[in-house]
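Please report on the fold, the strand pairing and the aromatic contacts of this chain. Keep it brief and give the cut-offs.

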Amino acid sequence: MLSRYYLCIAVTLSCLLTGCATTVVPSNEYLLMDQEAKNTTSISSDLLNKKQQVAQIQLLPIRVADYLAGNEMVLVSKQGEVFRSQQNLWAEPLAPQLSRITLQALIKRMPNVEWFGSQALVSSSEHLSIDVDTFYGDLNGMVHVAGRWKLISSSGQVLVSKEFVAQGRLPKSGYPALVQTLGKVWFHKVIDPMVKTFSAVDKGAVVEKNNTEK
């Protein structure tokens with residue numbers, strides 16, 4: 001009995017030592033960055049003038065498709081096969097990350113609009129909702145971003161509704177290039193066209209509160 005006891009202890013110690021000696025592959029974590037934010041031209045919003053009250057828009061939490069909701073970076077083949085990287089991860093889940101960087105980008109690009117995040121409750125504001133169906137790289141060096149966004153009045157009327165489908169080619173292989181290209185596509189092919197659409201919208205339609213007060 002005693003010999004079995006010492007045998008168990010020896011096996012346990014051996015397992016512990018083997019586990020300690022096992023090489024752990026470190027993971028790389030990434031954040032999307034607005035690399036050209038300093039060079040971004042702020043649009044003097046056509047939604048406003050000095051006589052009008054400042055427009056208020058609340059960005060609702062961005063929703064992503066379920067297969068994009070985790071921290072793993074995703075590659076998708078033409079056949080629809082999904083590959084998830086275990087060593088290359090988003091530093092925060094994609095949905096809250098997109099919500100955060102999008103709000104920052106809109107504030108920089110449209111400083112004449114009073115923007116609110118999801119934490120605030122502003123019943124009198126317009127609401128911007130964004131749904132992301134596609135946000136990944138493929139096996140041929142391309143990234144794909146697609147979804148839709150809506151600008152909704154405080155009374156629930158859809159003022160603008162648009163779909164976006166954008167692509168970009170990786171300048172080189174590797175996950176850092178994938179992250180950089182996804183960021184460029186998001187800011188330059190999704191956010192920038194969205195801002196231009198906002199500026200082209202009729203002032204009376206977007207700043208609904210001003211019309212109702214006249």
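The report below goes from the whole chain to single residues.

## Basis of the model

This is a predicted model: local features need pLDDT of at least 70, side-chain atom pairs count only at pLDDT 80 or more, and totals for chains, interfaces and linings use all residues. Residues are numbered from 1 along each chain as its sequence is written, and side-chain values use heavy atoms, with hydrogens and water left out.

## Overall fold

The chain has 5 helices and 9 strands. Helices (H or I, at least four residues) and strands (E, at least two) are DSSP runs, numbered from the N terminus. Their order along the sequence is α-β-β-β-β-β-α-β-β-β-β-α-α-α.

Of the 214 residues, 43% are buried. Buried means under 20% relative accessible area, exposed over 50%, and partly exposed in between (1.4 Å probe, protein chains only). The accessible surface is about 12400 Å², and carbon and sulfur atoms supply 55% of that. Areas come from the Shrake-Rupley method with a 1.4 Å probe; for residues, only the protein chains shown count as cover. Take the contacts between residues at least 6 apart in sequence: 69% of them join residues at least 24 apart. A contact means heavy atoms within 4.5 Å.

Strand β2 covers residues 56-59. Q56 and Q58 point one way, I57 and L59 the other, and all are buried. In a regular strand the side chains alternate between the two faces of the sheet.

β2 pairs with two strands, β6 and β7. Two strands pair if DSSP finds at least two bridges between them. With β6 (residues 114-116), the pairing is parallel over 3 bridges. There, I57 has W115 as its bridge partner. β2 and β7 (residues 126-137) also run parallel, joined by 3 bridges. Here Q58 is partnered with H127.

Helix α2 spans residues 94-109, 16 residues in all. From first C-alpha to last it reaches 22 Å, close to the 22 Å expected at 1.5 Å a residue. The expected span is 1.5 Å times one less than the number of residues. Buried residues of α2 include L94, L98, I101 and L106.

Helix α3 (residues 175-200) has 26 residues and reaches 37 Å, close to the expected 38 Å. A kink of about 30° lies at I191 in α3, shortly before the proline P193. The bend at a residue is the angle between axes fitted to the seven residues ending there and the seven starting there.

## Aromatic cluster

The whole structure holds 5 aromatic pairs. Rings of Phe, Tyr and Trp (its six-membered ring) pair if their centres lie within 6.5 Å; planes under 30 degrees apart count as stacked, over 60 as edge-to-face and the rest as tilted. W90 and F135 have ring centres 6.4 Å apart and planes at 55°, so this pair is tilted. It links distant parts of the chain: W90 sits in strand β5 (residues 82-90) and F135 in β7, 45 residues apart. W90 is buried at 4% relative accessibility. F135 is buried too, at 2%.

Why is the pair of F135 and W186 edge-to-face? The planes stand at 70°, with ring centres 6.0 Å apart, so the pair is edge-to-face. This pair joins β7 to helix α3, across 51 residues. W186 is buried, at 0% relative accessibility. Ring pairs link W90, F135, F164 and W186 into a cluster.
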